[in-house]
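Subject: Structure handover and notes

Hello,

Here is the structure we discussed, with my notes below it. Please have the model open while you read.

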Amino acid sequence: MTKHYSALSLVKEGLRGQKGWVPAWTSPQPKPRYDVVIVGGGGHGLATAYYLAKTHGITNVAVIEKGWLGGGNTGRNTTVVRSNYFFPESVRLYDMALKLYEGLSRELNYNIMLSQRGMISLAHTPAEMEMAARVVNAMQINGTDAELFGPEDVRRVVPIYNFGPKARYPALGGVWQGRSGTARHDAVAWGYARAASALGVDILQQCEVQEFIVEGGRCRGVKTSRGEIRADRVGLAVAGHSGQMAAKAGFRLPITSYALQACVSEPVKPILDTVVLAPGAGTYASQSDKGEMVVGGGLDRIPSYGQRGNLPVLETVISGLLEMFPSFRQLKLMRQWAGIVDVVPDSSPIIGESPLPGLFLNCGWGTGGFKAIPAGGTLLAHLLATGQHHDISRPFDLDRFARGRLIDEAAGSGIAH
Amino acid sequence: MQIFSCPFCGSRPEYEFHFGGDLGNHRPEGFEAVPDREWADYLYFRNNPKGTAREVWMHLTCGEMFSMTRDTVTMAAAPGETLTEGQP
């Protein structure tokens, strides 16, 4: 029986005909009662289960997933991790995630293929350069790494960018964060699932939540397609479907669900070794380890629960990509897809107890949930274990909308949505 | 490309339209007397239904707002209807 992953265990199993490997996680039958139930088997839900078991010693936990693990936005994003935000609250949150990502492969004994290749968010005009300097200053004051790049720096890290005299989106410089990069998205879900399962967490796939059990004004569990499952605390980590779950629980959220598209090209030889965002083009790209160009852009403009995109936005993204990299004109696209993201008016997540006591929220990550998985898991686990906010999650409580204490990152760091 | 139907101009491509929120999300009356929670509900909280949605849209080309019934999963959209006094 080989459970630990290492070069040595690979050699040993190779000699034994690969017969000793065990499944990465178990698939038990649902129990009628758990201490904590987490709805949503994506990165955030699985990370929450792992940290509940690891940090808080709560192992009588179930993760409920209506489809398969990491089949939602965890498997549909463009794998970028970064913490280049403006407000102190946001930097604390996203830098917590990035720091945890930096140690995650070792902690989980699962290679998440973190590649801190750096990210450049370009500035196309002198006014945008002023804004870039402002963001860099804010990031440095908030204690994360940031550097203001000039045109020569951009030329050094992205030599294939369109520097021609007729370039529609000239690169005057931009915000560089060297610790940004990419990670293997599926591996993050699978690594957390394996580690949580090893600590005793039940992972229940093909199990859809139909309604919440409410008794005495509190959430006491869920009714699922595989029977009733009771728990005194329930966590919700369902991204684009948060609004729909909230409707089942009897409240509304400040969330609108949109499709966010991405696409990959055929694999080519290494040509781009960093992540490039050109705000003017509305497009960002990186090259995967397999050689595919992974390309993303802005939201579709029509609220949607259909996990597929529409052509107008894809056209904008692709034409933006070709403005950035004219050499990609002959590149063939291999796949295009969409995930349903939970967009909040201030572009910041919602973490905290819901209006239904006993039901706790981790949602509203919008277009940027993947990069935040380790922090989202840590903070929701803290809430579920203690009933109290972690210092880092408190500003992101649902009450910020009534208090008028929004954390408007669309205005702060200029994220597009 | 999705085609929506403006009640004044007829069928037009989706990029001529702008989403205007839930139908029936009326501004609370009473200004100072309106509690914070109610303002927040009006300003930020959304129905966000999966399936049939009743929404307000604007046709940017003619500048008119109208109501539309749409399915947020299949994306089927009924022709837009004019907004009338006393509508929910």
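What percentage of the 417 residues in chain A is buried? The share of buried residues is 54%. Bear in mind throughout that this is a predicted model.

Overall dimensions of chain A

Chain A has 12 helices and 19 strands. Along the principal axes, its C-alpha atoms occupy a box of roughly 65 × 65 × 40 Å. The radius of gyration is 22 Å, which agrees with the value near 22 Å for a compact globule with 417 residues. Of the contacts in chain A with a separation of 6 or more, 75% are between residues 24 or more positions apart.

Just after α1(A), A:G17 has a positive phi of about 75°.

The six-stranded sheet

An open sheet of 6 strands in chain A has the order β8-β2-β1-β12-β19-β18, with mixed pairing. Its edges are β8 (202-204) and β18 (350-353) of chain A, each of which pairs on one side only. On average, neighbouring strands of this sheet are turned by 15° against each other, direction ignored. One of the pairings within the sheet is parallel: β12 (residues 233-236) and β19 (residues 359-363) of chain A are joined by 3 bridges. There, A:G235 has A:F360 in β19(A) as its bridge partner.

Helix α10 (residues 373-386) of chain A packs on this sheet and touches β1 (36-39), β12, β18 and β19 of chain A. The direction of α10(A) makes about 170° with that of β19(A).

The helix pair α3 and α10

Helix α10(A) also packs against helix α3 (residues 88-102) of chain A, with an angle of about 105° and axes 7 Å apart. Angles of 65 to 115 degrees count as roughly perpendicular, and α3(A) and α10(A) are therefore roughly perpendicular to each other. On the α3(A) side, the contact is made by A:L93, A:Y94, A:M96, A:A97, A:L100 and A:Y101. On the α10(A) side, they meet A:I373, A:P374, A:A375 and A:T378. By class, the contact has 9 nonpolar residues, 1 polar residue and no charged residues.

The three-stranded sheet

A second open sheet in chain A has 3 strands in the order β9-β10-β11, paired antiparallel. Strands β9 (209-215) and β11 (227-230) of chain A stand at the edges; each has a single partner strand, so one side of each is left without a neighbour in the sheet. Neighbouring strands here are turned by 30° against each other on average, direction ignored.

Strands β9(A) and β10(A) run antiparallel and are joined by 6 bridges. Their hairpin has 2 residues between the strands, and A:G216 in it takes a positive phi near 60°. Strand β10 (residues 218-224) of chain A pairs with β11(A), again in the antiparallel sense, over 4 bridges. The hairpin that joins β10(A) to β11(A) also runs through 2 residues.

Another bridge to β11(A) links A:V222 with A:I229.

Most residues other than glycine have a negative phi. Two exceptions in chain A may be worth a check.

- A:Q206 is not a glycine, yet has a positive phi of about 50°. A:Q206 lies in the loop between β8 and β9 of chain A and is partly exposed, with 13 other C-beta atoms within 10 Å.
- A:A239 has a positive phi near 45°. A:A239 is in the loop between β12 and α8 (242-249) of chain A. Is A:A239 buried or exposed? A:A239 is buried, because 27 other C-beta atoms lie within 10 Å and the cut-off for buried is 20 or more.

The contact between chains

The contact between the chains takes 20 residues from chain A and 18 residues from chain B. On the side of chain B, the largest share comes from helix α1 (residues 36-43) of chain B, with 3 residues. By class, that side has 8 nonpolar, 5 polar and 5 charged residues.

Regards

Note on methods:
Residues numbered from 1 in each chain as written. Chains lettered and ligands numbered in written order. Predicted model: local features only at pLDDT ≥ 70, side-chain atom pairs only at ≥ 80, totals over all residues. Contact = placed C-beta atoms within 7 Å. Nonpolar A, V, L, I, M, F, W, Y, C, P; charged D, E, K, R; others polar. Pairing = 2+ DSSP bridges. Axes fitted to C-alpha atoms, helices over the stretch in contact; angles between N-to-C directions. Rg over C-alpha atoms; globule rule 2.2 N^0.38 Å. Buried ≥ 20, exposed ≤ 12 C-beta atoms within 10 Å, placed from the backbone. Parallel < 35°, antiparallel > 145°, perpendicular 65-115°, else oblique.
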